[in-house]
Amino acid sequence: MKSAIIQLPGLNRDRDMIAALTKISGHAPHLVWQTETALPDVDLVVIPGGFSYGDYLRCGAIGARMPVMRAVAEKAAQGVMVMGVCNGFQILLEAGLLPGALMRNASLKFVCREVKLRVENANTAFTRFYQPGQIIRCPVAHHDGNYFADEAVLKRIEGEGQVLFRYAEGTNPNGSMNDIAGIVSESGNVLGLMPHPENLIETAHGGDDGRALFESVLGKAA
Amino acid sequence: MLKARVIVTLKNGVLDPQGKAIEGALGGLGFEGVDHVRQGKVFDLQLDTEDRAAAETQLKAMCEKLLANTVIEDYIINVT
């Protein structure tokens, strides 16, 4: 299967994502710079974490308006799998590819630690190798992970099973509404999540709970 | 040449953790009776036009496209 990683100035988790995709798919991803207006023919596009444009203005806001994001939107509309992690999630929201917004953590603190996630919907291309209700470990590292959506949007995404990952009880690190950690688009092919599954894919990391996410999506696209 | 000021604030009902922290700090400094502090952003822009209506249209587009995230923020445009 073929994948691509979007590169923007300030994104700094791309190396981890390249390592995860290479290790699990057996192929190195294409690296696509922000000024590109077209993407190679791939099955999965990933926007990694970091601090694109220093989070100036709002997290992900400037990155979301770069030319490459129009190409990402086109791929998403064609049904290509798209995944944004951390700043990548913020960029997908700012680009309008997912509903809602991510605001400053309620604690106002940068949070860097492990949390527990509950897999809310295991019936998607991103989560099919997890069990419904499964509790997994995953690291988080962010300042703006406080998910917000208005009542109508929240009701819709909850009702449609678009909330894929929720912080397990007592571990919400940022004040997110309904403990939301990761959501998928209505069409099911665009995922955004705050935690970093790419940092927990083998036992040398201290656990491999993130691996099934990659295996789910890479398997689907193979 | 027109000058414009755009003010972006969080919508009512959206939690503003920074505003809350500032509110707490003001209380700590002895300023009593301060409530509902909300933090926002101000953008000052200079536009190379004398056409107010065109400037306002352009500024609105800027707000919708980049300066504000209309999911969580409102904006006010002042052209002088």
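1. In chain A, 73% of the contacts with a separation of 6 or more join residues 24 or more positions apart, a contact being heavy atoms within 4.5 Å. This is a predicted model, in which local features need pLDDT of at least 70, side-chain atom pairs count only at pLDDT 80 or more, and totals for chains, interfaces and linings use all residues. Residues are numbered from 1 along each chain as its sequence is written, chains are lettered from A and ligands numbered from 1 in the order in which they are written, and side-chain values use heavy atoms, with hydrogens and water left out.

2. Chain A has 5 helices and 11 strands, taken as DSSP runs numbered from the N terminus (helices H or I, at least four residues; strands E, at least two). With a radius of gyration of 16 Å, close to the 17 Å that the globule rule gives for 222 residues, chain A is as compact as a globular protein of that length; the radius is taken over C-alpha atoms, and the rule is 2.2 Å times the number of residues to the power 0.38. The C-alpha trace of chain A spans about 40 × 40 × 30 Å along its principal axes.

3. Of the 222 residues of chain A, 59% count as buried, where buried means under 20% relative accessible area, exposed over 50%, and partly exposed in between (1.4 Å probe, protein chains only). The accessible surface of chain A comes to about 8700 Å², and 49% of that surface belongs to carbon and sulfur atoms; the areas come from the Shrake-Rupley method with a 1.4 Å probe, and for residues only the protein chains shown count as cover.

4. The helix α3(A) is mostly covered, with 8 of its 8 residues buried, among them F89(A), I91(A) and E94(A). After α3(A) comes G96(A), whose phi is positive, near 80°.

5. L57(A), in the loop between β3 (44-47) and α2 of chain A, has a positive phi of about 70° although it is not a glycine, and is partly exposed at a relative accessible area of 21%. L108(A), in the loop between β5 and β6 (111-119) of chain A, likewise has a positive phi, of about 65°, without being a glycine, and its relative accessible area of 26% makes it partly exposed.

6. The largest pocket holds about 430 Å³ of space. It is lined by 25 residues, of which L57(A), R58(A), Q18(B), K41(B) and E73(B) lie nearest its centre. Two or more lining residues come from each of α3 (87-94) and β5 (101-103) of chain A and β1 (2-10), α1 (17-28) and β2 (40-47) of chain B. The lining divides into 10 nonpolar, 7 polar and 8 charged residues (Ala, Val, Leu, Ile, Met, Phe, Trp, Tyr, Cys and Pro count as nonpolar, Asp, Glu, Lys and Arg as charged, and the others, Gly among them, as polar).

7. About 240 Å³ of space lies in the second largest pocket, whose lining includes R65(A), M66(A), R70(A), E94(A), K65(B) and L66(B). At least two residues of this lining come from each of α2 (67-77) of chain A and α2 (52-67) of chain B, and α2(A) gives the largest share, 3 residues. By class, the lining of the second largest pocket has 7 nonpolar, no polar and 4 charged residues.

8. On terms: on a 1 Å grid over the protein atoms alone, a pocket is an open set of points where a 1.4 Å probe fits, with protein on both sides within 12 Å along at least five of seven lines, and lining residues have an atom within 4 Å of a point. Grid points are joined across faces, edges and corners, and a volume is the space filled by probe spheres set on the points.
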